[in-house]
Amino acid sequence: MEEVENKKKYITPEELEKHNKQGDLWISIQGKVYNVTDWAKVHPGGDIPILNLAGQDVTDAFIAYHPGTAWKYLDKFFTGYYLKDFKVSEVSRDYRKLVSEFSKLGLFEKKEHVTLFTLTSVAVMFGIVLYGVLRCTSVWAHLGSAMLLGLLWMQSTYVGHDSGHYEVMQSRGYNKLAQIICGNCMTGISIAWWKWTHNAHHIACNSLDYDPDLQHIPVFAVSSRFFTSMQSCFYGRQLKFDTLSRLLVSYQHWTFYPVLCVARVNLYLQTLLLLFSRRKVPDRAFNIMGILVFWTWFPLLISCLPNWPERVMFVLASFCVCSIQHLQFCLNHFAANVYTGPPNGNDWFEKQTAGTLDISCSAWMDWFFGGLQFQLEHHLFPRLPRAQLRKISPLVIDLCKKHNLPYRSLSFLEANKWTLRTLRTAALQARDLTNPAQNLLWEAFNTHG
């Protein structure tokens, strides 16, 4: 055995780190080194996760995102090298043990009937919306239909989100169809755009320069570090903090909710920019067809309303109701810890706990939040069906306590307070850019976490 061990070829972590550029991408999984340069081009999760994590050990991230059946495909990428002085932290050891226990219990396959119930509710709500607009003449019926449409968008988005993380249907083909229908056709937001940004968000949770979900300049800034016009490593451009940005950010704690009410406009724009860009987009044609379906039925539905005031009211009301979902995503991360730089594969569990906040609610409200009120649980186990998140939450709490890591679960009201406090802190700093040292000190003492 010792002779076999001596014949192994090793490379140091420093040597592995050199292979972290486009065209030269190596990773380590459980101490074995793999060349995934070519695989990154066809990786189902896109190339962003591999680009962000290349040059280091990524075992925890790999385990989080891949089922046990994925391990057999690694051999063809093996370089013949092993990582020298490979060690596993106690946190990672416990995390991997928990994933293994969940697999043995079959929790990753126990999706229950959440998708069926949600799709049924979406179909029923859509029927009621159509009836309210086409058959009713009361302005109150039209207002109610608009609000119901906003709730429909929320529930449809949850199905799209679930199907992006694991198969909610019986086959991969039907799963893709569910993504296009629930995302593109029903909400007007491309599943391709969502996968592109969402995978990057999960991998680099709350990294100011790598996580696109925090990059909202010129409208919002959760940290004064955005005031240096940092480079977005996701978008590949500078997030310029100019006079307009300073003005908008200075009042962001006042404009936060109004902006969220029309945030969907930006999502529609981002969808179109991606689908008609030169960037490689998986299933581009299907995504465009789905978007065309949305931009056919939605304008036609609005045109059936009797006058322009009601049409404007309908659009704004539906947007405002759906903004609750946009707010939820902000509450989960805006007030949590942030950092700069690429994600580190060796502190997966620690980064996820630091960058997320849970929203506490009763079990009967799980349908409303789509399971994503258990944000930390979802980030740690993204393949776990939402029906299991509440059940495994106590185990996550225990693991956080054992390793002295934060587990923050706030009421909906308290989460809003934390978020507004974070935005106000950055807003006040934006008004006084003459003393950057004082700004950093202020942030250190006033940012939660």
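Which residue in β5 does Tyr 34 stand opposite? In this predicted model, where local features need pLDDT of at least 70 and side-chain atom pairs count only at pLDDT 80 or more, Tyr 34 stands opposite Phe 78 in β5. Residues are numbered from 1 along each chain as its sequence is written, and hydrogens and water are left out of side-chain values.

Strands here are DSSP runs of E with at least two residues, and helices are runs of H or I with at least four, numbered from the N terminus. Two strands pair if DSSP finds at least two bridges between them. On that basis, β4 (residues 32-35) runs antiparallel to β5 (residues 78-83), with two bridges joining them. On β3 (residues 24-29), β4 has another antiparallel partner, this time through four bridges. Here Trp 26 stands opposite Asn 35 in β4.

The axes (lines fitted to C-alpha atoms over the stretch in contact, with angles from 0 to 180 degrees between N-to-C directions) of α5 (residues 90-105) and α18 (residues 389-402) come within 11 Å and cross at roughly 165°. That makes the two helices roughly antiparallel, a label for angles over 145 degrees. In contact terms (heavy atoms within 4.5 Å), Asp 94, Tyr 95, Leu 98 and Phe 102 in α5 meet Ile 392, Leu 395, Leu 399 and Lys 402 in α18.

Note on methods
Angles under 35 degrees count as roughly parallel, over 145 as roughly antiparallel, 65 to 115 as roughly perpendicular and the rest as oblique.
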